[in-house]
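Student: I am new to this structure, and I would like to learn how to read its features one at a time. Could we begin with a term that will be needed later on?

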Amino acid sequence: MSPASLSALADVAGLLACPECRVGLEATDRALRCGRGHSFDIAKQGYVSLLTGASTKMTGDTAAMLDARAAFQGEGHFAPIADAVAAAVVGPAGDRGANLLEVGAGTGYYLATTLDAAPQARGIALDVAKPAARRCARTHPRAAAVLADAWRGLPVRDGALAGVLSVFAPRNPAEVARVLDADGRFVVAAPTARHLAELIDPLGMVTVDPDKDRRITEAMSGLFEVVDRVVVEYPMKLDRAAVAQVVGMGPSAHHAEQARDPRLAALPESMEVGASVTVSTYRPRR
């Protein structure tokens, strides 16, 4: 276990809440403990599991999906999306960078980009999948990795956070509203129906509901109000390897082994594929 991951968890321990009793946690040696005696060991890979009770029904991403996503993100194909998310979370003056959480963090790429834009901020990368928690534990020196199911409740104290990110991930609006402070921001990035459109028919990929933006807004309306909404659209030049990565890293990977799909070999060696994402910024209704 790296000293950086231990330090990151120690730094955010005061923001976390015991999933058993909701009492605050504190770091002691290689565990997080609450005042009522519940203890959660820090795994050797540098993350802490705050999953309790029966097994979660959420499956999360596999190691192979995360490998594909990390490779694709590492080439910078989604950098404009990450930059737009960071700008929305941190704000023009960098004044909302204190305590941040990414829900469904995956590789931790978007949280890491945001932390780079906010040098004084501390981050929590939360995911339900162990492969994601292991990867997030080494994604950024100021990002602490937590294994938890957001749908059971965020293991975070009330009003503890300045910003929450949800990028291509499920959301729990009621819990996000609870953990944000009065001036906090919830930034949601979701694909439009045009996202990766050039690949959908040739590869049989999962399509995006054209009504997705409206459904997200309706789900948030009782708890949040919209502050800003930006559409990030641009072309990406992808070779076959990158196409295989973008298919293998998303929901389509649950349906087929796309990397071996003969339809992939039928594509041009290099092609232009459009990225199209809505980045919406919300603040809690008080």
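Tutor: Let us begin with burial, for which the cut-off is a relative accessible area under 20%, while a residue over 50% is called exposed. Please keep in mind that this is a predicted model.

Student: With that cut-off, is F78 buried or exposed?

Tutor: F78 has a relative accessibility of 2%, and because this is under 20%, F78 counts as buried. F72 likewise counts as buried, at 0% relative accessibility.

Student: How are two aromatic rings described in relation to each other?

Tutor: In general, a pair of aromatic rings is described by the distance of the centres and the angle of the planes. In this structure the count comes to 6 aromatic pairs. One of them is formed by F72 and F78, whose ring centres are 5.0 Å apart and whose planes make an angle of 75°, which is an edge-to-face arrangement.

Student: Which residues form one aromatic cluster with F72 and F78?

Tutor: The cluster that holds F72 and F78 also takes in Y109, Y110 and F168.

Student: What arrangement do F186 and F224 form?

Tutor: F186 and F224 form a tilted aromatic pair, with 5.5 Å from centre to centre and 50° between the planes. F186 belongs to strand β9 (residues 180-191) and F224 to strand β10 (residues 224-239), so this pair ties together parts that are 38 residues apart in sequence. F186 is buried, with a relative accessible area of 0%, and F224 is buried as well, with a relative accessible area of 2%.

Student: Turning to the whole chain, how many helices and strands are there?

Tutor: The protein chain has 10 helices and 11 strands. Its radius of gyration is 19 Å, close to the 19 Å that the globule rule gives for 286 residues, so the chain is as compact as a globular protein of that length. Along the principal axes, the C-alpha atoms fill a box of roughly 60 × 40 × 35 Å.

Student: What share of the residues counts as buried, and what share of the contacts joins residues 24 or more positions apart?

Tutor: Of the 286 residues in the protein chain, 52% count as buried. Among contacts with a separation of 6 or more, 67% are between residues 24 or more positions apart.

Student: What can be said about the surface and the charged side chains?

Tutor: The accessible surface comes to about 12600 Å², and carbon and sulfur atoms account for 50% of it. The chain carries 31 positive and 32 negative side chains, and the centres of these two sets lie 5 Å apart.

Methods
Residues numbered from 1 in each chain as written. Predicted model: local features only at pLDDT ≥ 70, side-chain atom pairs only at ≥ 80, totals over all residues. Heavy atoms only, no water. Helix = DSSP H or I, 4+ residues; strand = E, 2+ residues; numbered from the N terminus. Rg over C-alpha atoms; globule rule 2.2 N^0.38 Å. Buried < 20%, exposed > 50% of the residue type's maximum accessible area, 1.4 Å probe, protein only. Contact = heavy atoms within 4.5 Å. Areas by Shrake-Rupley, 256 points an atom, 1.4 Å probe, with all protein chains shown as cover. Lys, Arg positive; Asp, Glu negative; His and termini not counted. Charge placed at Lys NZ, Arg CZ, Asp CG, Glu CD. Phe/Tyr/Trp six-rings, centres within 6.5 Å; stacked < 30°, edge-to-face > 60°.
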